[in-house]
Amino acid sequence: MMKKILLIPIVLFVLISCNKEVKSDVVTVSGRKIMVNNQPYLIKGICYHPVPKGSDKRDFGNLTQDLSLMKEAGINTIRVYEPIEEVAVLDEINKAEIKVIIGFGYNQGGKNDILSGTFINYVNKFKNHNAILMWELGNEYNYHPEWFEGDIKNWYTAMNAASEIIHENDKNHPTTTAHGDLPDALALSMSKNIDVWGMNVYRWDNPETIFAQWEKVSEKPMYLSEAGGDSYMVIEKAGYKKGVNEKAQADATLNVLKKSFTNKNICSGITLFSFTDGWWKAGDNTTQDIGGWAPNSSGVPYDGSPNEEFWGIVDIERNKKQAFKVVQTLYEEQN
C-alpha cells in the first residue's frame, strides 16, 4: 500500500545514457495491433514479481530457472511492476527471446517514479535495450483516488504528461497503463497519449464482455494486463472443493485464455497473473497464508476471494501447478 502523497509538478532530471546506440526491435502500434518490426505481436505473457520465501523484496536469484520454465510454457512477454535496473537481468531475458513491459509507479520515493520525473532517466538508459516492449504507467490507480488528494483527475493528468515525455524521448516503444477494468470516459478523454490500454480484468472466468465494450469506446490496442484465478477456494462453490484447488485455477485459466485468444481482433493478448506464488502478500512471509485483499476483486473465480499467496502457475519452489500445462497448451496453439 502506498503512503499518502503530496502532488507536485513533474520535475525532469534527464540523464544522457552512456550506452552506445545499438540496433533493437522497433515497437509501434497500427490500428488495434501492437507491432514489433512491423509484424503483429500477440502478448502471451505472465506477470512476474519473484519474491523468495521469507522475504518481501523482489529477487532475481532464480531467474535462469524461471526463464526456462517460461520458455517451456510458451511465454513471450513478462510484465513487471517496477523497473529492472540490473542490465544482466534484462540481457538474460532478451537472450531467452522474451520481451518485458516495464512498470513505473507514481510515488516510489523519487526512484524511477512519475512524481519526481526520474522515470525518464530509466527510459533513456534502457530505451535501446532489445528486451523492452512497452513502458507502463501505473497499476489500477483508478481504484485509488485517495492517493491523489481524492481526485483521480490528478492521476490522469500526471499519467498523460508522463506519456508525452516518453514519446519525446523514445520513438520506438509505446506507452501503456494497467487500468482497473474498462476505462471510463473521463480516463479516456484525459489520457490521449496512452498508446495501448492494459486492463486488469476479473470478471469470473469470462473476460469476453470487455472486448465488445472496448470496441465501442476506442480504436486503440488493448490487452489484459491481469486476469486469471488462484489455486485456493475459501468455500466450496461451483463444484470446486474448499481448500487448495489447482483444478479450479486451471479451469479458470483455460476459460480466460480461450476467450482472450478468440477475440484477437480486439485483444492483443494477456499477461496472466501470475508466474509464482507470493508468500509475502497476506501474512507471515515464511508460510503460505490464506487471505489477502485486492480492490474490486469479487469477480475472482470461483469463490470471489483473491487468496493473494496462491496465484502462481508454479509454486514458490517452482513446482508446476495444473494451470502451467493449460498455459503451455493455449500459448503454443497461438504459434
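Two strands pair if DSSP finds at least two bridges between them. I take helices (H or I, at least four residues) and strands (E, at least two) as DSSP runs, numbered from the N terminus.

**Ground rules.** I am working on a predicted model, where local features need pLDDT of at least 70 and side-chain atom pairs count only at pLDDT 80 or more, while totals for chains, interfaces and linings use all residues. Residues are numbered from 1 along each chain as its sequence is written, and side-chain values use heavy atoms, with hydrogens and water left out.

**Entry: β5 and β6.** I looked up the pairing first. Strand β5 (residues 77-80) runs parallel to β6, and four bridges join them. I78 stands opposite V100 in β6. Next I checked cover, with buried meaning under 20% relative accessible area, exposed over 50%, and partly exposed in between (1.4 Å probe, protein chains only). In β6 (residues 99-104), six of six residues are buried. K99, I101 and G103 point one way, and V100, I102 and F104 point the other.

**Entry: the β1-β2-β3 sheet.** I found three strands in an open sheet, in the order β1-β2-β3, with antiparallel pairing. β1 (27-30) and β3 (39-40) are the edge strands, each pairing on one side only. Two bridges link β2 (residues 33-36) to β3. M35 stands opposite P40 in β3.

**Entry: helix α7.** I checked its length. The expected span is 1.5 Å times one less than the number of residues. The 17 residues of α7 (residues 246-262) should span 24 Å, and the end C-alpha atoms are 24 Å apart, so the two agree. At the helix start, a side-chain oxygen of N245 comes within 3.3 Å of the backbone nitrogen of K247. Which residues of α7 are buried? I list A248, Q249, A250, D251, A252, T253, V256, L257, S260 and F261. Contact means heavy atoms within 4.5 Å. The buried residues of α7 pack against several elements, among them β4 (43-47), α6 (208-217), β13 (267-272) and α8 (322-332).

**Entry: the whole chain.** I count eight helices and 13 strands in the protein chain. Its radius of gyration is 19 Å, close to the 20 Å that the globule rule gives for 335 residues, so the chain is as compact as a globular protein of that length. That radius is taken over C-alpha atoms, and the rule is 2.2 Å times the number of residues to the power 0.38. The C-alpha trace spans about 55 × 45 × 40 Å along its principal axes. Buried residues make up 57% of the 335 residues.

Technical notes: A polar contact is a pair of N or O atoms within 3.5 Å; within protein, one must be able to donate a hydrogen and the other to accept it, and residues adjacent in sequence count only if both atoms are side-chain atoms.
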